[in-house]
Amino acid sequence: MSTAFQGEHLLPGQLGQFFIILSFGSALLSAISYYFATTDKTLQDNSWLKLGRIGYFVNTLSVIGIGVCLFYIIYNHLFEYHYAWAHSSRTLPVYYIISSYWEGQEGSFWLWCFWQGLLGNLLIWRAKSWEKPVMTIVALSQALLASMLIGVEIFGTRVGSSPFILLREAIPGPIFSRSDYMSFIKDGNGLNPLLQNYWMVIHPPTLFLGFASMVVPFAYAIAGLWQKRYQEWIQPAITYSLFAVMILGTGIIMGSFWAYESLNFGGFWAWDPVENASMIPWLTLIGAVHVLIVYKNTGHSYFTATFLVLISFVLVLYASFLTRSGILGETSVHAFTDLGMKWHLVIDVLIFLAITVGLLIARRKDMPITKKDEETYSREFWLFVGAIFLGLSCFHLILVTSIPVWNWIFGTKLAPPTEPVKHYNVIQASFAVVVTILTGFSQFLKYKKTDTAKFFISTGIYLFFSALIGFLIAYATGLYKLHFVFTLVMIGAVYSLLTNAKILSDAFKGKLKLAGSAVAHIGFGLILVGALIAAGTSKVVSENNSGIGFGDEFAKTSNPKENIMLYKNQPIKMGDYMVTYIGDSIAKPNHYFKVDYKKVDANGKVTEEFVLKPNSQANRKMGLVSSPDTKHYLFHDLYTHITMAPIKSDLDAAGDDEHTEEDDNKNYDAPVAHTVTVGDTIRFREGFMILKGLQKEAHVQNIPLKDKDVAVSAMLEIQSHGQTYKAQPIYMIKDGNVFDFSRKVDEAGLKLRFTKIVPEQNKFEITVYQQPESKKPYIVMRAINFPYINFFWSGTIIMVIGFLLSIFRRNQELSRTGSGKKVAYQKQHVEA
Amino acid sequence: MKKSSIIGIIVIAVAIAVIISTYSSSSTYGTFTDASKTSSPLQVVGHLVKNKELYYDATKDANYFSFYMTDNRGEECKVVFTGTKPQDFERSEQIVLTGQMQGKEFHASKILMKCPSKYTQDKVEITETKANKSANL
């Protein structure tokens with residue numbers, strides 16, 4: 001039975017779904033055509049190649065088509081579509097529509113497809129003789145990605161998850177049997193407020209470009225093995241690997257910057273499984289880059305290089321399995337939920353793992369693996385060792401992050417470490433010690449063979465000074481108090497900085513082509529220095545020891561308490577600062593809390609003052625969602641975020657005015673009436689007020705006064721916590737009846753009424769309502785000081801510059817080798 | 001011995017060390033009974049007791065939050081957390097606590113809660129109740 005539903009717009013969805021099927025079909029066609037174009041050498045014409053290209057172009061166009069349809073649906077608020085309903089709302093600003101693309105899995109798969117589509121076109125244009133085999137792999141990967149979006153039932157199981165599924169198909173419910181159900185669905189669920197951040201507009205695209213670009217070195221490696229062009233694939237693979245590593249690294253750090261700027265866990269890296277998942281392939285590919293260069297220069301480490309390139313892409317797919325299958329549910333807060341695609345994702349990983357393993361086994365005899373050992377004092381040997389250690393560090397990350405996977409496979413009930421951050425920090429730092437020391441002294445080594453005496457002297461001198469400087473830094477910042485391994489990493493990072501700075505200065509003297517790696521390593525060293533100091537010695541400024549009433553037992557066992565409560569306009573000393581919650585400003589849906597920081601010197605003079613505006617959103621779906629605000633200094637950051645604030649009322653703002661007077665009085669302590677004359681002072685708990693005078697003929701809006709009516713206002717000046725406020729409550733006699741109009745001074749927590757005039761004594765009665773402590777506006781906040789965090793961010797930028805320089809250099813080499821100049825080692829191998 | 005074999009041995013040794021250190025620092029999910037028998041921190045999975053008091057009063061102590069939870073065996077225990085009340089705590093489906101017993105209270109240092117996904121059933125109910133209301137008018 002089919003019901004005719006009113007108000008649905010089915011065309012954009014059907015068109016989008018058509019594009020999905022088309023993109024899957026065309027990618028598959030392209031992969032098959034490229035496969036035959038590669039294998040079928042007998043054919044004289046280029047028909048397979050042409051077909052492959054056409055398939056890929058059609059695929060790219062249809063991927064763009066999918067994007068356009070989805071954008072149309074979200075932009076026009078077509079909530080009959082589940083995706084639009086789940087991830088957007090009418091109030092969502094247009095520029096965040098982009099973010100809502102990647103709140104859901106389907107949108108982020110699309111993003112991946114899109115980048116891979118563009119990269120494929122780049123390869124068709126640039127890859128020349130490599131096009132056929134390389135594009136076979138890229139198109140295959142593209143087909144598998146598209147299959148994730150199909151969302152069609154085949155043999156009773158749904159394959160993939162389509163962004164164009166209708167709300168009534170996605171969610172069962174009796175309402176959907178009504179033909180006019182659309183008239184009840186007025187708005188969507190909206191975008192998670194945490195994603196409503198400008199970093200969320202650029203972080204996911206960067207990250208996914210990084211993921212997508214990892215298919216290129218993989219495809220080259222496969223093509224090289226498949227076509228038995230064992231050496232030629234290395235050079236282009238280096239360039240593309242550098243690109244992938246640069247983009248993915250940038251994406252990861254952008255994510256960490258987003259977390260620092262807008263999440264409230266108080267830091268930039270938490271070893272969350274989702275973060276780890278993006279770092280796993282980065283580590284293996286950065287190892288791969290190093291051994292690829294070793295092979296290019298010396299002919300050593302062929303297998304390691306090939307293996308690391310191949311496994312990196314398999315690990316990208318594994319990472320997407322981890323984050324998208326819902327398997328991390330118990331260990332991560334922000335993994336995607338299960339869309340019933342677990343096995344689909346597993347199959348995706350297995351296909352590419354099978355290709356990798358199969359080819360490596362099939363070609364094991366033919367691979368140009370040297371039988372000769374590297375020289376101990378050669379650069380290639382220690383680069384190789386470095387790559388191995390990067391691989392081991394990655395192995396540890398996989399091992400721990402995958403604990404839920406082991407539980408799933410083996411039926412065990414292991415839980416991740418109780419203190420995961422400490423666990424990861426210590427073990428990963430141990431690997432970092434080795435890696436940083438290696439990035440240092442391998443710079444003094446030459447390929448093939450090095451003069452040992454000279455090497456030991458220069459290495460020794462640098463190591464000595466690094467140890468000295470590193471330890472001084474650790475001592476000055478207090479890092480030495482932590483696990484000793486962090487001091488070792490600091491020494492290693494300083495060592496890496498010094499040695500690479502020397503290489504850089506040499507580079508300026510003439511060996512300019514070495515600059516790229518030196519700059520990248522300097523950036524890496526700075527990242528480590530910044531991360532170590534900022535994370536290791538960050539200090540909670542908002543320590544609070546005022547908690548009372550839960551017994552000594554509680555006070556003893558709990559750590560220094562990190563949240564501090566501020567009543568409005570009541571300054572509190574916090575570390576070196578006097579902090580005051582001075583007010584609010586509301587820009588819907590965000591509620592900004594103005595927190596005033598003052599630094600006062602011994603003489604009571606204010607040396608520094610600034611206002612931070614952390615914000616919270618009382619979100620209907622997610623409760624209170626807070627974003628921090630940070631005061632950036634050159635050498636440290638002061639980070640402040642709200643952990644609790646009574647702002648539920650933001651949600652039902654409209655209802656406020658309807659409260660009756662009696663209701664309102666419940667918000668205050670019992671009133672106190674004061675009978676005073678002009679010039680008298682009335683004291684209250686948090687200050688005093690003076691009756692400055694009376695003003696006759698006060699006006700009250702909408703109430704016209706007649707001859708006999710009287711309206712008098714009392715001019716009160718209120719002093720509270722160093723602030724002065726004015727209020728004019730009104731006393732009125734109208735048509736023989738007495739009224740009064742109270743005035744509120746919310747900042748001071750007061751409500752004032754002018755309740756009586758005693759004409760014979762010339763006295764007036766002012767009734768004071770005070771808010772009890774608990775009803776006064778307050779915030780609970782946490783403030784953290786992050787020292788030297790700017791090293792972390794600037795290190796990232798420097799590292800990216802280093803990668804760019806290297807990419808230019810390798811690209812030049814590529815065009816040189818392409819034009820016929822073979823590098824010497826290649827001839828050697830051809831002869832051998 | 002060849003250098004490659006030495007490296008091989010080192011790699012295997014480090015890998016084993018990593019596995020052991022991971023295994024030894026990994027914990028198991030336990031119950032409140034398990035927690036009362038040991039003094040080391042433990043992870044307990046369970047559900048919030050929704051009809052008992054959730055206590056958090058920032059005006060008294062901004063870092064004290066207590067509630068009751070039943071573990072997977074059905075044992076109920078009072079839990080004290082040093083910090084503010086996590087947002088949307090009432091709606092949690094499942095809670096993973098890390099901490100240890102202090103007398104009769106479980107003192108949690110970390111709370112990881114699983115809320116019903118934004119995209120699943122509970123939202124439909126809202127849609128439904130809304131729909132019914134307007135239909136009755």
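These legends go with several close-up views of a predicted model.

**View 1. Chain A as a whole.**
Chain A has 832 residues, and 47% of them count as buried. Along its principal axes, the C-alpha trace spans about 120 × 80 × 50 Å. You can look for 23 helices and 24 strands in chain A. Take the contacts in chain A between residues at least 6 apart in sequence: 69% of these join residues at least 24 apart. The domain assignment divides chain A into domain 1 (1–191), domain 2 (230–415), domain 3 (417–536) and domain 4 (668–770).

**View 2. Where domain 2 of chain A touches domain 3 of chain A.**
The C-alpha centres of domain 2 and domain 3 of chain A are 23 Å apart. Domain 2 of chain A brings 20 residues to the contact, and domain 3 of chain A brings 19 residues. On the domain 2 side, the elements giving two or more residues are α11 (273–298) and α14 (379–401) of chain A. The most comes from α14(A), with eleven residues. Sorted by class, this side of domain 2 of chain A holds ten nonpolar, seven polar and three charged residues.

**View 3. A region of chain A named in UniProt.**
An unreviewed UniProt entry places the feature "domain: Cytochrome c-type biogenesis protein CcmF C-terminal" at residues 350–536 of chain A. Over residues 350–536, the chain is 75% helix and 1% strand.

Helix α18 covers residues 484–509 of chain A, which makes 26 residues. From its first C-alpha to its last, α18 reaches 38 Å, close to the 38 Å expected at 1.5 Å a residue. After α18(A) comes Gly510(A), with a positive phi near 155°.

**View 4. Two loop residues of chain A with positive phi.**
His77(A) is not a glycine, yet its phi is positive, about 55°. Find His77(A) in the loop between α2 (47–75) and α3 (82–87) of chain A. Is His77(A) buried or partly exposed? His77(A) is partly exposed, because 16 other C-beta atoms lie within 10 Å. Lys128(A), also not a glycine, has a positive phi of about 50°. Lys128(A) sits in the loop between α5 (105–126) and α6 (131–147) of chain A. With 10 other C-beta atoms within 10 Å, Lys128(A) counts as exposed.

How values were computed:
Residues numbered from 1 in each chain as written. Chains lettered and ligands numbered in written order. Predicted model: local features only at pLDDT ≥ 70, side-chain atom pairs only at ≥ 80, totals over all residues. Domains from an automatic or database assignment. Contact = placed C-beta atoms within 7 Å. Helix = DSSP H or I, 4+ residues; strand = E, 2+ residues; numbered from the N terminus. Nonpolar A, V, L, I, M, F, W, Y, C, P; charged D, E, K, R; others polar. UniProt positions renumbered as here; feature names shortened; annotations may be inferred. Expected span 1.5 Å × (residues − 1). Buried ≥ 20, exposed ≤ 12 C-beta atoms within 10 Å, placed from the backbone.
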